[in-house]
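Subject: Handover of a structure and the findings on it

Dear colleague,

Please find below the structure that I am handing over to you. I would be grateful if you would read the notes after it with the model open.

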Amino acid sequence: MKLLHVDSSILGPASVSRQLSEAIVAAERAAHPGIEVTHLDLATDAIGHLTGVHLAAGQGVVPETAALAEDVAAGAAALDAFLAADIVVIGAPMYNFGIPSQLKAWIDRLAVAGKTFRYTANGPEGLAGGKKVIVASSRGGFYSGDTAMAAFDYQEKYLRAVFNFFGVTDVTFVRAEGIAIGEEQRNQELAAAHAEIAKLAA
């Protein structure tokens, strides 16, 4: 069994999403002894944003420089790692109502026709099903349920939609909200999230 652990927060050890993604991976290790874990840190080893060069490379055009060739190879490796994983754990903080641009760049490298999806006469079909995605979601305010800011959630809604598009229907969110409100709220949310993680691994 293989697990792909992806972090995207720029806050380092202070990141709530990193703390939660690490706890999820630890729980999965305990539940599945011998699981093979690969860690991808998009804040320190970013994959370049999608450009015309990358699209051309996908059509067989050879990149003109070594740097571009290296970046194209990194994107291909990211796609291969995603496709090979049985479980994908993603640390995804909310930045300005959405996901970090580093995480979006990674997703753009996964969205490859013929690999993770295809278009058919009956509409798009996901090709990367059969895996589980667990997202460690952190938010400074409150955006879930019927909260006043729910309409501004372009983080979790987007992630669920894009992985569903890839054919992944087993998508779970472990959420910590309101963490910018104060230390007490942050601690309460972390405790609740860790309790949810324990249930997931049970």
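This is a predicted model: local features need pLDDT of at least 70, side-chain atom pairs count only at pLDDT 80 or more; totals for chains, interfaces and linings use all residues.

Residues are numbered from 1 along each chain as its sequence is written, and side-chain values use heavy atoms, with hydrogens and water left out.

Nonpolar cores

The largest nonpolar core has 28 residues, of which Phe82, Ile90, Leu103, Trp106, Leu159 and Phe163 touch the most other members. A nonpolar core is a set of buried Ala, Val, Leu, Ile, Met, Phe, Trp, Tyr and Cys residues joined through side-chain atoms within 4.5 Å; buried means under 20% relative accessible area, exposed over 50%, and partly exposed in between (1.4 Å probe, protein chains only). At least two residues of this core come from each of β1, α3 (66-84), β3 (87-93), α4, β6, α5 and β7 (170-176). Helices (H or I, at least four residues) and strands (E, at least two) are DSSP runs, numbered from the N terminus. Helix α4 supplies the largest share of the core, four residues. Apart from this core lies another, of 18 residues, among them Leu3, Val25, Ile87 and Ile197.

Leu159 is in contact (heavy atoms within 4.5 Å) with Ala92, Ile99, Leu103, Ile107, Val135 and Phe173, not counting residues up to four places away in sequence.

Helix α4

Helix α4 (residues 101-110) is largely enclosed by the rest of the structure, because seven of its ten residues are buried. These are Gln102, Leu103, Ala105, Trp106, Ile107, Arg109 and Leu110. Within α4, Lys104 and Asp108 lie four residues apart, about one turn of the helix. They form a salt bridge, with the closest N and O atoms 2.7 Å apart; a salt bridge is a side-chain nitrogen of Lys or Arg within 4 Å of a carboxyl oxygen of Asp or Glu. Lys104 is partly exposed at 31% relative accessible area, and Asp108 is partly exposed at 21%.

Salt bridges

The whole structure contains nine salt bridges. Arg139, Asp153, Glu156, Arg175 and Glu177 are linked in a network of them. Glu177 lies in the loop between β7 and α6 (183-201) and Arg139 in the loop between β6 and α5, so the pair ties together parts that are 38 residues apart in sequence. Glu177 is buried, as is Arg139.

Asp7

Asp7 belongs to strand β1 (residues 2-7) and counts as buried, at 3% relative accessibility. Its side chain makes polar contacts with the side chains of His5 (3.2 Å) and His39 (2.9 Å). A polar contact is a pair of N or O atoms within 3.5 Å; within protein, one must be able to donate a hydrogen and the other to accept it, and residues adjacent in sequence count only if both atoms are side-chain atoms.

Surface patch

Phe97, Met149, Phe152 and Tyr154 form a nonpolar patch on the surface, with about 370 Å² of accessible area together. Accessible areas come from the Shrake-Rupley method with a 1.4 Å probe; for residues, only the protein chains shown count as cover. Patches are made of residues with over 30% relative accessible area and no salt bridge, where like charges are joined within 9 Å and nonpolar side chains (Val, Leu, Ile, Met, Phe, Trp, Tyr) within 5 Å.

With kind regards
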